[in-house]
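Here is a short note to read with the structure open beside you. Take the points one at a time and find each residue as you go.

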Amino acid sequence: MDQSDLGRYQVCIRAMFASFSSECTEATLQGYWLGLSDLSIEQVETAVAHSIRASRFVPRPAELRELLGLNVSDEDTAVA
């Protein structure tokens, strides 16, 4: 993602938090940006949609990445 995707990104993450009746602060948005900014906005939207349908709790960035089948740990990256 880049700065042109920021509006869509914020709507997406805020919607996810609202779906789980959780607060989404500016610090939360920044943290999720740090964890997800290397993905496309479409990937983020897909992961968020899956999480809203399948998760019981707000997923962390690493869990959103896992929903997309992406490596999240150093060990996984080394193996890949």
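1. Start with the overall plan. This is a predicted model, and the protein has five helices and zero strands. Along the sequence the pattern reads α-α-α-α-α. Of its 80 residues, 30% count as buried. The accessible surface comes to about 5000 Å², and carbon and sulfur atoms account for 50% of that.

2. Next, look at how the chain meets itself. Among contacts between residues at least 6 apart in sequence, 63% join residues at least 24 apart.

3. Now try a check on helix α1, residues 6-19. With 14 residues at 1.5 Å a residue, α1 should span 20 Å. The C-alpha atoms at its ends are 20 Å apart, so the expectation and the model agree. After α1 comes Ser21, which has a positive phi near 55 degrees.

4. Which residues of α1 are buried? They are Tyr9, Cys12, Ile13, Met16 and Phe17. These residues cover an arc of only 130 degrees around the axis, so they sit on the same side of α1. The face turned away from that buried side carries the exposed residues Val11 and Ala18. The cover over the buried residues of α1 includes α2 (26-36), α3 (41-54) and α4 (61-67).

5. On to charges. Side chains of opposite charge can pair when their charged atoms come close. The count here is four salt bridges. One of them joins Arg8 and Glu45, with the closest N and O atoms 2.8 Å apart. Arg8 is in helix α1 and Glu45 in helix α3, so this pair ties together parts 37 residues apart in sequence. Arg8 is partly exposed at 39% relative accessible area, and Glu45 is partly exposed at 28%.

6. A second pair is Glu26 with Arg14, where the closest N and O atoms are 2.7 Å apart. Glu26 belongs to helix α2 and Arg14 to helix α1, 12 residues apart. Glu26 counts as exposed at 53% relative accessibility, while Arg14 is partly exposed at 35%.

7. Finally, find Asp38 and Arg65, whose side chains meet in a salt bridge at 2.8 Å, N to O. Asp38 is in the loop between α2 and α3, and Arg65 is in helix α4, 27 residues apart. Elsewhere, salt bridges with shared partners join Arg8, Glu42 and Glu45 into one network.

How values were computed
Residues are numbered from 1 along each chain as its sequence is written. This is a predicted model: local features need pLDDT of at least 70, side-chain atom pairs count only at pLDDT 80 or more; totals for chains, interfaces and linings use all residues. Side-chain values use heavy atoms; hydrogens and water are left out. Helices (H or I, at least four residues) and strands (E, at least two) are DSSP runs, numbered from the N terminus. The expected span of a helix is 1.5 Å times one less than its number of residues. Buried means under 20% relative accessible area, exposed over 50%, partly exposed in between (1.4 Å probe, protein chains only). The arc is that of the directions from the helix axis to the C-beta atoms. Contact means heavy atoms within 4.5 Å. Accessible areas come from the Shrake-Rupley method with a 1.4 Å probe; for residues, only the protein chains shown count as cover.
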